[in-house]
Amino acid sequence: MRRVIMLADGQSFYASVEKAAHPEYRDKPVAVGDPARKSGIILAACPIAKARGVTTAERVGEAQAKCPDLVVIRPRMATYIAVSLLITEIYESFTDQVEPYSIDEQFLDVTGSIALFGTAEEIARQIQTRVHLSTGVWSRVGIGPTKILAKMATDNFAKKRLEGIYTLSNDNIESDLWPLPVYRMFMVASRMSGHFMRMGIRTIGDIARLDLGEFKQRLRYRMGRQSDIQAEYYWQTARGIDPSPVVAGMRSQVKVINNGRALKWNLYKTIEDIEPLMIELVIEVCRRARKYGYMGRVIGVGAAETDGSRSFHFGRQMSLMRPTYLEHEVGSAVKKLFLEHWQGMPLTQLHITLTGLSGDETYQLDLFEDREKLIRCAKTIDAIKDRFGLTAMIRASSLQKTAQAFERAAQIGGHWA
Ligand SMILES: [Mg+2]
């Protein structure tokens with residue numbers, strides 16, 4: 001059956017929440033940032049402020065210079081998260097398939113709702129009205145048969161239209177999406193669009209119209225042999241192909257994210273045997289954390305070991321300086337804990353946990369440039385795994401005999417675990 005998927009985005013989300021809380025600023029330019037730090041960053045600006053030249057991620061001081069009567073309001077992340085959850089609840093009155101994508105963007109699968117609530121456009125208008133009445137946030141809604149088309153409908157079309165609704169389907173993808181420059185395609189950052197430019201690829205249609213085999217070959221020539229999976233990802237994206245389902249969020253229930261295995265005895269004897277598996281557990285925990293929109297500050301490791309006569313087990317935790325869901329940060333803590341407490345006998349069980357969870361929106365307040373880039377890179381890999389299965393991209397260490405990624409993916413059907 002043909003699916004009907006929406007990506008609903010809140011316009012100037014933090015700034016809109018603040019404007020709703022401060023009716024006295026209704027006709028004033030409003031931005032969210034730290035008013036006491038001129039070198040701090042503008043996190044959001046309302047449409048009036050944007051019309052006066054204020055942009056997201058510029059310095060507070062620069063924004064005030066452009067727009068002297070700018071009202072700068074200190075961010076209240078806990079409130080924004082609460083409003084985001086309230087919006088999820090409104091969406092859930094239309095469908096139980098709601099997947100938060102970021103604090104102000106959520107996917108909805110309304111395939112089964114159309115018989116109850118009207119056409120997709122009618123549902124989108126009802127959503128706009130209800131969300132606006134209860135939160136003051138104006139929603140832009142992209143509609144399509146896949147998540148990727150819904151997302152591109154929002155970013156490239158719905159956001160630019162007064163009514164804030166746009167449908168991208170197989171009927172208009174060629175006329176509407178394909179003429180756009182390639183950097184407007186989802187997940188194409190500046191480095192990649194540079195590659196495409198030098199390959200003579202200027203528009204999204206330039207990718208979509210190529211035969212997949214030829215596109216793979218041309219990307220290989222430019223980026224090396226390992227680029228096949230990327231080629232397939234971009235080619236599918238250009239054509240709007242994306243089988244990944246809308247997965248209902250777990251935001252309200254999750255307290256701990258964990259992953260563990262019972263192990264075949266006498267196979268995991270040295271750290272060289274154990275590490276490939278440990279890395280796979282870390283990758284999976286981090287991927288789930290990113291999926292649910294959580295970072296964790298407390299890392300736990302549990303293990304059981306036996307030499308046949310004696311046995312020993314331990315469970316230990318450590319706190320990090322700041323919450324994370326990045327593999328190298330979680331992984332180094334896991335390895336350190338493990339080496340401190342492991343007695344050196346063959347392992348029969350290993351599990352790791354991430355707790356002390358907080359929403360991943362708040363890290364943006366720091367805006368550590370390098371970290372932001374690492375997070376974007378990790379999320380790109382997640383998107384590829386969502387579409388092609390968990391083994392679409394693996395670490396070289398998963399090729400070792402004590403690793404389990406392939407076996408594991410086969411057991412659980414591979415995709416979308
Ligand atoms: Mg937004």
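What we have is a predicted model, in which local features need pLDDT of at least 70 and side-chain atom pairs count only at pLDDT 80 or more, while totals for chains, interfaces and linings use all residues. Residues are numbered from 1 along each chain as its sequence is written, and side-chain values use heavy atoms, with hydrogens and water left out.

Let me begin with the metal. The magnesium ion is coordinated by Asp9 (OD), Gly10 (O) and Asp104 (OD), at 2.1 to 2.6 Å; donors here are N, O and S atoms within 2.8 Å of the metal (3.2 Å for Na, K and Ca), and because water is not among the atoms, sites may look incomplete. Along the sequence, the spacing of these donor residues reads D-G-x93-D. Gly10 is buried at 8% relative accessibility, while Asp104 is partly exposed at 21%; buried means under 20% relative accessible area, exposed over 50%, and partly exposed in between, with a 1.4 Å probe and protein chains only.

Turning to the domains, an automatic or database assignment gives domain 1 (1-167), domain 2 (176-238) and domain 3 (257-411). The C-alpha centres of domains 1 and 3 are 34 Å apart.

Finally, the cysteines: with a disulfide taken as a pair of cysteine sulfur atoms within 2.5 Å, the count is 0. For Cys286, the nearest cysteine sulfur belongs to Cys377, 13 Å away. Cys286 is buried at 0%, and Cys377 is partly exposed at 44%.
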